Amino acid sequence: MGLEQPDGMKTARAGGAAAATAAAAAKSPEIALDSQYPKLAMITPYSPQKLAFATAAGYEGVVIPLDDFFDPDRLTDTQIDSIRSTSHSTGARIISIECMWGLNHIDPEPAQRVNVHARFIRCIEFAHRLGCKFIGTFSGGIPGATGDRQAKELAEVVNEKYVPLLDKLDMHMGWENYPTKENFATVPELCGRVFDLVPSHRLGLEYDPSHFVRQYVDPIATAWRFRDRIFAAHAKDTEIVQPTLQQVGIHGQGWWRYRIPGQGLIDWPKFITVLLQAGFRGGLAVEHEDKFWDEPNTAHQPDFPQARKDGFILANRFLRMYLPTRLS
């Protein structure tokens with residue numbers, strides 16, 4: 001892959017994928033939620049329509065990020081009970097929640113850091129109330145600080161404030177390796193430094209192989225290195241647009257883009273094999289950031305546009321080839 005798809009291909013794509021929608025919307029073969037296998041999920045904002053679609057498209061659960069509504073500091077007890085009821089009635093188990101933006105665990109301002117720790121504790125308790133066994137986040141960041149200092153300060157808060165609660169609730173937490181200023185530990189060296197300082201395996205990774213591809217880090221070898229610390233995973237691919245890369249270099253723009261699984265460079269059979277050999281039982285969640293299979297300005301609608309549904313359906317069909325499931 002490399003060049004942008006011509007517009008004519010989008011027309012053919014829409015017809016073919018739309019035709020596949022009806023067939024894929026029938027519930028796919030399932031595995032028990034307490035099984036020894038990964039749980040195929042999709043990342044989605046909360047809405048009853050989106051949870052219903054997840055089940056209809058063959059997903060075993062959903063991963064829900066915090067937003068202006070889905071937030072433990074905004075929801076009433078009645079609303080939380082309603083969310084749990086919707087999850088049960090639609091069959092879309094809430095596997096985990098994601099608490100990334102605005103939660104800098106090592107914020108350089110002491111007062112703000114204290115507030116973040118208290119809020120994240122509320123998020124852990126919220127996730128537990130929803131039946132989750134995992135909560136995702138970022139590692140945090142201190143501008144201008146060394147990796148050693150940031151690793152030490154993150155380890156202190158995890159060891160002292162988060163691990164005791166995680167032990168009590170029998171939960172795990174982990175950060176996604178997304179490169180951004182609020183997330184310093186996004187390469188193997190820095191991940192290893194944190195784990196050296198946090199002996200508890202309540203802390204691990206929400207592993208996204210797509211971010212390593214665009215950093216030219218081997219996502220398969222890295223997954224094997226940290227296999228006993230991967231408690232959640234994102235299913236997202238990355239395409240390198242070589243003609244653009246040759247013109248603008250790695251510091252330029254437009255030379256890579258995220259794709260649905262199977263339409264980028266990741267070797268999914270190898271990656272999933274690492275997860276299976278490690279005994280991974282968490283959520284393998286499709287993170288749909290592929291503009292080719294989407295429509296703009298629809299993120300806040302109660303239901304997905306058909307183009308986005310097609311992307312989720314095709315991702316499910318592709319990944320199911322490599323995941324254990326009942327075929328009867």
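**Salt bridges in the predicted model**

The side chains of Glu-239 and Arg-257 meet in a salt bridge, with N and O 2.7 Å apart, a salt bridge being a side-chain nitrogen of Lys or Arg within 4 Å of a carboxyl oxygen of Asp or Glu. This pair links distant parts of the chain, Glu-239 lying in strand β8 and Arg-257 in strand β9 (residues 256-259), 18 residues apart. Glu-239 counts as buried at 1% relative accessibility, and Arg-257 counts as buried at 19%, where buried means under 20% relative accessible area (1.4 Å probe, protein chains only). The model is predicted, so that local features need pLDDT of at least 70 and side-chain atom pairs count only at pLDDT 80 or more, whereas totals for chains, interfaces and linings use all residues. Residues are numbered from 1 along each chain as its sequence is written, and side-chain values use heavy atoms, with hydrogens and water left out.

Lys-236 forms a salt bridge with Asp-208 (2.5 Å, N to O), a pair that links the loop between β7 (230-235) and β8 (237-240) to the loop between β6 (203-207) and α7 (209-213), 28 residues apart. Lys-236 also forms a salt bridge with Glu-287, the closest N and O atoms being 2.7 Å apart; Glu-287 is placed in the loop between β10 (283-286) and α11 (306-320), 51 residues from Lys-236. Lys-236 is buried at 0% relative accessibility, Asp-208 likewise has a relative accessible area of 0%, and Glu-287 is buried.

The structure holds 20 salt bridges, and a network of them links Asp-71, Asp-73, Arg-119 and Arg-122. Of the 328 residues of the chain, 55% count as buried.

Key: Buried < 20%, exposed > 50% of the residue type's maximum accessible area, 1.4 Å probe, protein only. Helix = DSSP H or I, 4+ residues; strand = E, 2+ residues; numbered from the N terminus.
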